[in-house]
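This briefing sets out selected features of one protein model for structural review. It covers core packing, a helix pair and backbone geometry.

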Amino acid sequence: MSNPIQLDSLPAPIPIILGVTGASGLIYAVRAVKFLLAAGYNIELVASKSTYMVWQSEQDVKMPVEPFQQEQFWRQQAGVESGLGKLTCHPWGDVGANIASGSFRTLGMVVIPCSMSTAAKLAAGLSSDLLERAADVQLKEGRKLVIVPRETPFSLIHLQNLTTLAQAGARIVPAIPAWYHHPQTIEDLVDFVVARTLDQLDIDCIPIERWQGRT
């Protein structure tokens, strides 16, 4: 008779990587953290160096540098208690972190929001920090990489870089909301973009009104 499986011996759920850059629109990252943690997903989060400045500029708050404090910061901003999901924050310069290796299994990675500087570096295959390295790993391993650019208007250089990323296998989901779901708040508009972003990873954890056809 086989021994029963011990719950504490089961492998941990495969995580999703969230990369947050210095593009305007940190609310997209906050809402992604909120819904993923509430649904019980494990998140490996890395914010670029310029993200700290954007938090100060957009919300007049300072994002902590120390990983554990940063985890509490993101949970507080997202309104998610510590018992939901698992959130691990990485320093932007820690290129020796687990997510820097292709042997570390993931569900894929979302860069939300993605600056044009980051998109350019990824398109050129540069890995000057952990976020860029983790994204490069997803491409080389054939895993899902979703880019959520937040810029307007796009220059020809921006479009060429995004095209290069798409040709390399990344999915490009611009931060462009829709109106057919009858949004009533800014969060409704943001959540539509986040939901369509997570759709690319086959994750459905955001209660939005999806198009059912004309009636």
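In this predicted model, Leu18 is in contact with Ala32, Val33, Leu36, Ile43, Glu44, Leu45, Val46, Val110 and Ile112, leaving aside residues up to four places away in sequence. Leu18 also belongs to the largest nonpolar core, where Leu18, Leu45 and Trp74 touch the most other members.

**Nonpolar cores**
- The largest nonpolar core comprises 43 residues.
- Helix H1, spanning residues 26-38, gives the most to this core, contributing 9 residues.
- Another core, of 21 residues, lies apart from it and includes Cys114, Leu130, Ile147 and Ala170.

**A buried glutamine**
- Gln138 is located in helix H5, residues 130-140.
- Because its relative accessible area is 0%, under the 20% cut-off, Gln138 is classed as buried.
- Beyond residues up to four places away in sequence, Gln138 touches Ile17, Thr106, Gly108, Met109, Arg143, Lys144 and Leu145.

**Packing of H1 and H7**
- The axes of H1 and helix H7 (residues 186-199) come within 9 Å, crossing at roughly 70°.
- This angle falls in the range of 65 to 115 degrees, so H1 and H7 are roughly perpendicular to each other.
- The crossing of H1 and H7 is right-handed.
- On the H1 side, the contact is made by Ile27, Tyr28, Arg31, Ala32, Phe35 and Leu36; on the H7 side, by Ile186, Glu187, Val190, Asp191, Val193, Val194 and Leu198.
- By residue class, the contact of H1 with H7 holds 10 nonpolar, no polar and 3 charged residues.

**Cis peptide bonds**
- Most residues other than glycine have a negative phi, and most peptide bonds are trans.
- Ile112 and Pro113 are joined by a cis peptide bond, with omega about -10°; Pro113 is found in strand E4, residues 109-114.
- A cis peptide bond also runs from Thr152 to Pro153, with omega near -10°; Pro153 is placed in the loop between strand E5 (145-149) and helix H6 (156-167).

**Positive phi outside glycine**
- Asp60, although not a glycine, has a positive phi of about 60°.
- Asp60 lies in the loop between helix H2 (51-59) and helix H3 (67-78), and counts as exposed at 61% relative accessibility.
- His182, likewise not a glycine, has a positive phi of about 55°.
- The loop between strand E6 (171-172) and H7 contains His182, which is exposed, with a relative accessible area of 54%.

Technical notes:
Residues are numbered from 1 along each chain as its sequence is written. This is a predicted model: local features need pLDDT of at least 70, side-chain atom pairs count only at pLDDT 80 or more; totals for chains, interfaces and linings use all residues. Side-chain values use heavy atoms; hydrogens and water are left out. A nonpolar core is a set of buried Ala, Val, Leu, Ile, Met, Phe, Trp, Tyr and Cys residues joined through side-chain atoms within 4.5 Å. Buried means under 20% relative accessible area, exposed over 50%, partly exposed in between (1.4 Å probe, protein chains only). Helices (H or I, at least four residues) and strands (E, at least two) are DSSP runs, numbered from the N terminus. Contact means heavy atoms within 4.5 Å. Axes are lines fitted to C-alpha atoms, for helices over the stretch in contact, and angles run from 0 to 180 degrees between N-to-C directions. Angles under 35 degrees count as roughly parallel, over 145 as roughly antiparallel, 65 to 115 as roughly perpendicular and the rest as oblique. A crossing is left-handed if the near helix is turned anticlockwise from the far one by less than a right angle, and right-handed if clockwise. Ala, Val, Leu, Ile, Met, Phe, Trp, Tyr, Cys and Pro count as nonpolar, Asp, Glu, Lys and Arg as charged, and the others, Gly among them, as polar.
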